[in-house]
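Trainee: I would like to learn how to read this structure. Where do we begin?

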Amino acid sequence: MKKATILLYTLLFCGIGLSSCGGEEQEEEVQTEEAVAVEAQVVEEQTLPQQVSYTGNIEAWEQAFITGPTGVRIDRILVDEGDRVSRGQLLVTMNSTQLNQAQTQLELARRQVERLDTLYRIGSVSGQQFDQAQTEYQNALSNYQNLAENTRLTANFSGVITEKHFTAGEVFSPSADAPAILTMMQLEPVKVTISVAENYFNRIREGMQATVRTDVYPDREFTGTVYRKSPTINRASRSFETEIRIENEERMLRPGMFARVNLDLGEIEGVYVPASAVINQPGTTNQYVFVKSGDRVERTPVETGNRYQDLVRILSGLEPGQTIITEGMAKLNEGSLVRVVNNTSQVSEQ
């Protein structure tokens with residue numbers, strides 16, 4: 001009986017021991033972390049061409065609305081949409097009734113001044129009367145000149161008639177749909193106005209060359225120059241307006257076309273990494289990369305600058321010699337264990 005009792009206790013003790021040993025092995029198995037396979041790259045400083053691209057719309061170099069006096073009938077419109085016109089060319093004539101009346105009043109005022117001038121010289125009229133006659137003449141002359149300018153409407157510059165809002169015989173009355181009798185634009189040259197980030201303010205110079213591409217002519221590149229840059233920075237957008245002039249001798253570019261403007265700012269030295277390695281934090285403007293530290297990774301915030309092909313410049317957050325993850329980031333979190341599978345000779349052991 002005593003031997004049976006000893007045997008029972010022995011079996012129980014072994015069972016407990018085996019159960020304990022099996023639990024430890026299972027716990028170790030659960031705690032084993034599998035390394036994520038990634039590709040990595042050592043950060044280096046490079047000297048690359050610095051190019052910035054912005055979008056805008058083709059605009060007329062100048063635009064003018066040809067208008068006459070409100071409530072006056074249009075006698076003739078001498079041009080149609082699409083016509084090319086020269087500076088000073090007669091475009092529209094308005095009803096001349098008021099002009100003829102003003103001419104008659106001007107002639108009467110001129111004769112009155114001549115008559116009183118003779119009488120003033122011999123002392124028959126006072127200087128006050130003569131001065132009043134001269135004032136009336138100047139008023140009549142100004143009225144005539146104003147009506148003459150608004151009766152014979154001419155082109156402000158050489159350009160193209162782009163819109164015709166009225167026809168001969170109608171009474172001119174401007175509205176939102178018809179703000180003028182005619183609209184004309186200067187299309188040689190044209191311009192594109194872009195908003196450039198403030199950090200390039202000192203690098204944009206008047207006269208520097210730009211290249212322009214459009215969706216209408218995808219295989220054609222147009223050459224432009226920086227004609228003007230705003231002297232101030234917009235506080236809301238942190239950018240400044242820059243005007244690009246394109247000669248447009250072939251008249252291929254037309255107002256309203258979408259355009260992409262590329263500015264070459266010369267070479268610049270900096271830290272460039274693959275753009276695909278930079279991750280945008282959802283719902284924010286924050287960006288970060290995964291930096292390899294030993295066998296694990298750290299999520300490091302970065303500030304980016306301009307792009308060059310598939311590279312992006314890092315303005316802050318990285319230093320040359322650090323190793324960043326370039327492939328496999330989707331499976332990573334802060335502190336993840338990683339295993340580099342690309343050419344390890346090019347990856348520092350940090």
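Mentor: Begin with a term for helix pairs: a crossing is left-handed if the near helix is turned anticlockwise from the far one by less than a right angle, and right-handed if clockwise. This is a predicted model, in which local features need pLDDT of at least 70, side-chain atom pairs count only at pLDDT 80 or more, and totals for chains, interfaces and linings use all residues. Residues are numbered from 1 along each chain as its sequence is written, and side-chain values use heavy atoms, with hydrogens and water left out.

Trainee: What is the handedness of the crossing of H2 and H3?

Mentor: The crossing of H2 and H3 is left-handed.

Trainee: How is such a pair described?

Mentor: Two packed helices are described by the angle between their axes and the distance between the axes. Axes are lines fitted to C-alpha atoms, for helices over the stretch in contact (heavy atoms within 4.5 Å), and angles run from 0 to 180 degrees between N-to-C directions. Here helix H2 (residues 97–121) packs against helix H3 (residues 127–151) at about 155°, and their axes are 8 Å apart. H2 and H3 are therefore roughly antiparallel to each other (over 145 degrees).

Trainee: How many helices and strands does the protein chain have?

Mentor: Helices (H or I, at least four residues) and strands (E, at least two) are DSSP runs, numbered from the N terminus. The protein chain has three helices and 18 strands.

Trainee: Which strands pair with E12?

Mentor: Two strands pair if DSSP finds at least two bridges between them. Strand E12 (residues 258–274) pairs with strand E2 (residues 45–66) in the antiparallel sense over 12 bridges, and Gln51 stands opposite Asp264 in E12. Strand E9 (residues 209–214) is antiparallel to E12 over five bridges, with Arg260 in E12 as the bridge partner of Arg213. E12 also pairs with strand E16 (residues 311–316), in the antiparallel sense, over four bridges; there Val273 stands opposite Val312.

Trainee: Which residues form the covered face of strand E1?

Mentor: In a regular strand the side chains alternate between the two faces of the sheet. In strand E1 (residues 36–42), the covered face holds Val36, Val38, Ala40 and Val42, while Ala37, Glu39 and Gln41 form the uncovered one.

Trainee: In what sense, parallel or antiparallel, do E1 and E18 pair?

Mentor: E1 and strand E18 (residues 338–340) pair in the parallel sense over three bridges, and Val38 stands opposite Val340. With strand E17 (residues 323–327), E1 pairs in the antiparallel sense over four bridges; Gln41 has Ile324 in E17 as its bridge partner.

Methods: Angles under 35 degrees count as roughly parallel, over 145 as roughly antiparallel, 65 to 115 as roughly perpendicular and the rest as oblique. Buried means under 20% relative accessible area, exposed over 50%, partly exposed in between (1.4 Å probe, protein chains only).
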